[in-house]
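Please read the sequence and the 3D structure together before going on to the explanation below.

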Amino acid sequence: MLRHRPDAARPAPRTLGELAGRLAEPASVADVLHHLDLPCIEVLDALRLLGDGAAPAQLAGLLAGDPSEALQRLADHALVWPDGSGRLRLAGPLRNAEGAPHRLGRPLRPLLSCYTVEQLRLLAQRTGLAAAGRKSELVDALHAHLTDPTRVAAQVAAAPLPARRLLEELTWKAPSIAPAFRADYRGVAFGPHEQRWLMERGLVVASDYVTAELPREIGLVLRGPGYRLPLTPPPPQPATAPVEPAVVAEAAGAAGLAAVAAVTQLVATLAAAPLAQLSGGGVGIRELKRVAKLLQLDLPAVRLWLELAAAAGLVVTAGAEVLPTAASDEWQRADPGRRLVPLLTAWWRCTEVPTAPVVEEAGRTPPALAPRWQPRPAVQLRRDVLASLATDRGLLDPAHLWAALAWRRPLAYPDLDELTTRGTATLAEAELLGVAARGAGSALGEALREGDEAR
């Protein structure tokens, strides 16, 4: 478990209680979720729907597949575990997570707990229950009564057509009604007739004074006994073809030398004619095109080399210009292998994908050497792409790789189109630098992954 959650072990905890506290830290739990595969996330969603303390049989009955392997991985990450009675317990931050998985509402019990005793008694009277007892007793009685599948089916059968249509929307599209609904302090509903009808029978419950919600348990009943949550199997492995390691090494070496030559030429060009900065910062498209023409490179390559040269300390912004640093003189005197190392290091640590196409709201391409918002971490993507490349087989269709990564880390890569765009640019950058070639990983890529930047 500590191999999966290394942050909890640093510094060494003094007691098991201290370790347990670290494992339950919201930031630590949020971080590990981004490293879980799709079945693990789907099982967690199902457990969140069932609530903390669900029985394994309940979980198995809600999923379209066997959750045992995913449950083991979740236990290895200290996110789910069986208690002494065999019930499944969730890590604290997951019990209290916001949001409605699979477009289902919040559980009924906490919704009812927000009612006053007077409101609970009124609802009990309307639904045919005895309106007596303490608040906790009323909540328990109403929960058992309102979630009974037989009662729900009878109420739906007796509902007028507009109310049934509204229930259908609440069941499958969104579980809340707002702002047409309103409840006063006595729990009397005002609004369209179908909303009043549903609330008076407890099928819809007020979540505040302007919103009503279809409780989660009732939503699951309405979706029917055959409703199952998905448990997605892994996608097919990306298709590859054999490639000779010597061919990969030769192509990667040539790409690395070409990268060094391009950056060397860029530094020399800036020494003769520094780049002009825009008034708002960064190097605009006109200047990038000028350099691209001088170096006979395309715009993405110029942007990449300029960003890496700046990150490696070879060029710097001074006033309104971008020009070489004093350190670039020593760098240019080194042999090509030594010159490549800081470029690889800069790329490996870069928080953006420099060549990924980004268009601002006004339809303009953002300037180079200026902070720009990119919605997903580039560092993790770089590591995932290189980790997916074999050294003796080359990718035939990278599209299969993006589907595999989206399955492997769905929370890190929630948008397949965005992943495809950024992943394609990342793979192209890797081949420009020689850390990949012919769709396969190179020795330089292996060295980066192992953290041996000098090799």
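This is a predicted model: local features need pLDDT of at least 70, side-chain atom pairs count only at pLDDT 80 or more; totals for chains, interfaces and linings use all residues.

Residues are numbered from 1 along each chain as its sequence is written, and side-chain values use heavy atoms, with hydrogens and water left out.

The largest pocket has a volume of about 970 Å³. A pocket here is an open set of points on a 1 Å grid over the protein atoms alone, where a 1.4 Å probe fits and protein lies on both sides within 12 Å along at least five of seven lines, and lining residues have an atom within 4 Å of a point; the volume is the space filled by probe spheres set on the points, which are joined across faces, edges and corners. Of the 41 lining residues, L49, L50, G51, P107 and R216 are the closest to the centre of the pocket. Two or more residues of the lining come from each of α3 (38–50), α4 (56–62), α6 (92–95), α7 (108–113) and α13 (216–223), where helices are DSSP runs (H or I, at least four residues) numbered from the N terminus. By class, the lining holds 19 nonpolar, 11 polar and 11 charged residues, with Ala, Val, Leu, Ile, Met, Phe, Trp, Tyr, Cys and Pro counted as nonpolar, Asp, Glu, Lys and Arg as charged, and the others, Gly among them, as polar.

In helix α3, R48 and D45 are three residues apart and therefore separated by about one helical turn. These residues, R48 and D45, form a salt bridge with their closest N and O atoms 3.6 Å apart, the term meaning a side-chain nitrogen of Lys or Arg within 4 Å of a carboxyl oxygen of Asp or Glu. The whole structure has 14 salt bridges.

Helices α14 (residues 245–272) and α18 (residues 336–349) have axes that come within 9 Å and cross at roughly 80°, the axes being lines fitted to C-alpha atoms over the stretch in contact, with angles from 0 to 180 degrees between N-to-C directions. The two helices, α14 and α18, are therefore roughly perpendicular, a term for angles of 65 to 115 degrees. Their contact (heavy atoms within 4.5 Å) joins G256, L257, A259, V260, V263 and T264 of α14 to P336, R339, L340 and L343 of α18.

The axes of α15 (residues 285–295) and α16 (residues 299–311) also come within 9 Å, crossing at roughly 100°.

Finally, the peptide bond from R10 to P11 is cis, with omega near -10°, and R103, although not a glycine, has a positive phi of about 60°.

Definitions and conventions. Angles under 35 degrees count as roughly parallel, over 145 as roughly antiparallel, 65 to 115 as roughly perpendicular and the rest as oblique.
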